[in-house]
Amino acid sequence: MSESKELQVREKQALDSPAEQTRPGLVFKPLVDIFETDKEIVVLADMPGVSPESLDVDLREDILTLTAEASSGRGEGEQDILSEFATGKFYRQFTLSEVIDQSKIEAKLDNGVLRLVLPKVEKAAPRKIQINS
Amino acid sequence: MTARRLFDFPGMGWRNPFAELDRMQREMDRLFGGKFFRAGLPELQAGVFPAVNVTEEKDHYYIRAELPGMAAEDLDIQAAGNSVSISGERKISGEGDNVRYHRREREAGRFSRVINLPEGANLEDVKAGLKNGVLTLTIGKSEASKPRQISIN
């Protein structure tokens with residue numbers, strides 16, 4: 001990571017609606033980094049234009065769902081001169097293979113990047129099981 | 001879209017003849033929920049990072065770019081002549097040695113882009129704001145180029 005390269009534009013990946021939409025609008029797939037240590041799984045997602053209030057992180061039955069609404073920042077009466085990217089919702093789902101300790105999940109949104117820390121459930125210490133006759 | 005590359009907007013004339021087409025296409029996409037009219041055409045125009053949206057209203061021009069994860073001090077914005085340049089470096093800090101990656105889609109690197117502005121832009125009056133990873137430049141219009149209401153006597 002020491003040498004820096006020239007960044008290239010990548011087209012935002014629009015999704016065909018993940019589910020039927022009740023409100024019209026484009027849906028994009030956020031770019032993510034996901035890595036794992038012994039203790040936790042960390043998800044970093046690029047979500048420009050998303051404020052903490054409009055972000056929703058949901059984890060149920062091993063399925064992690066990120067949903068967010070990005071604001072275009074446009075004011076009233078602005079007209080397009082050049083338009084190279086569109087804004088809309090962000091949506092992405094992951095299946096987690098580890099059991100996550102739901103109570104210790106941490107989410108932070110900083111400059112449009114979500115950092116989600118999902119601590120793994122500590123392995124239960126082996127215990128002796130009494131057999132009752 | 002060779003033409004678009006040859007006459008790299010916006011140097012040649014401010015009103016991009018393709019902008020209206022693009023806008024219509026997006027509108028169609030939105031209405032029909034699919035890829036309408038799009039025969040593998042890239043939506044991007046200049047192909048230079050970052051992609052920008054330029055809009056105008058009565059008194060200002062606005063340039064917006066999505067730069068998630070960048071802090072104000074990593075950005076260098078300069079106004080010179082009739083153009084504004086946005087350059088900087090996006091850094092993604094390392095996460096230590098004991099991590100195993102499952103996905104690695106986010107990229108780090110340098111970028112630099114120059115955006116030409118129309119005659120009426122007042123480059124003495126440029127404001128920049130960075131919020132939730134979106135950079136917004138607000139550029140005032142010179143008095144002469146603002147629309148004036150003409151009253152009928």
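1. Helix 2 of chain B, which spans residues 17–32, contains B:Arg26. The model discussed in this note is predicted. B:Arg26 has a relative accessible area of 14% and is therefore buried, the limit for that class being under 20%. B:Arg110 lies 84 residues from B:Arg26 along the chain, and the C-alpha atoms of B:Arg26 and B:Arg110 are 30 Å apart.

2. The interface between the two chains may be considered next. The size of an interface is often given as the accessible area lost when the parts come together. For chain A and chain B the area buried between them is about 5100 Å², with 49% of it on carbon and sulfur atoms. On the side of chain A, the residues that lose the most area to chain B are A:Leu7, A:Ile81 and A:Glu84, which together account for 17% of what that side buries.

3. In terms of residues, 50 from chain A are in contact with 58 from chain B. Between chain A and chain B there are 28 residue pairs in polar contact, counting pairs with both residues at pLDDT 80 or more. Several strands of chain A contribute to the side that touches chain B: strand 2, strand 3 (40–46), strand 4 (50–60), strand 6 (79–83), strand 7 (89–95) and strand 9 (113–119) each supply at least two residues.

4. The count of salt bridges between chain A and chain B is 10. A:Lys12 forms a salt bridge with B:Glu66, with 3.0 Å between the closest N and O atoms. The charged end of A:Lys12 also sits over the ring of A:Phe28, at 4.3 Å from the ring centre.

5. Aromatic pairs deserve a separate point. A pair of aromatic rings is described by the distance of the centres and the angle of the planes. Over all chains, a search of the whole structure finds two such pairs. A tilted pair is formed by A:Phe35 and B:Tyr101, with 5.2 Å centre to centre and 55° between the planes. This pair joins two chains, because A:Phe35 belongs to strand 2 (residues 32–36) of chain A and B:Tyr101 to strand 5 (residues 100–104) of chain B.

6. The partners in this pair fall into separate accessibility classes. A:Phe35, at 2% relative accessibility, counts as buried, whereas B:Tyr101 is partly exposed, with a relative accessible area of 28%. The ring of B:Tyr101 has a further neighbour within chain B: B:Arg104 lies over its face, 3.8 Å from the ring centre.

Terms used
Residues are numbered from 1 along each chain as its sequence is written. Chains are lettered from A and ligands numbered from 1 in the order in which they are written. This is a predicted model: local features need pLDDT of at least 70, side-chain atom pairs count only at pLDDT 80 or more; totals for chains, interfaces and linings use all residues. Side-chain values use heavy atoms; hydrogens and water are left out. Rings of Phe, Tyr and Trp (its six-membered ring) pair if their centres lie within 6.5 Å; planes under 30 degrees apart count as stacked, over 60 as edge-to-face and the rest as tilted. Helices (H or I, at least four residues) and strands (E, at least two) are DSSP runs, numbered from the N terminus. Buried means under 20% relative accessible area, exposed over 50%, partly exposed in between (1.4 Å probe, protein chains only). A charge sits over a ring if NZ of Lys or CZ of Arg is within 6 Å of the ring centre and within 35 degrees of the ring normal. Contact means heavy atoms within 4.5 Å. Buried area is the accessible area (1.4 Å probe) that two parts lose on being put together, summed over both. A salt bridge is a side-chain nitrogen of Lys or Arg within 4 Å of a carboxyl oxygen of Asp or Glu. A polar contact is a pair of N or O atoms within 3.5 Å; within protein, one must be able to donate a hydrogen and the other to accept it, and residues adjacent in sequence count only if both atoms are side-chain atoms.
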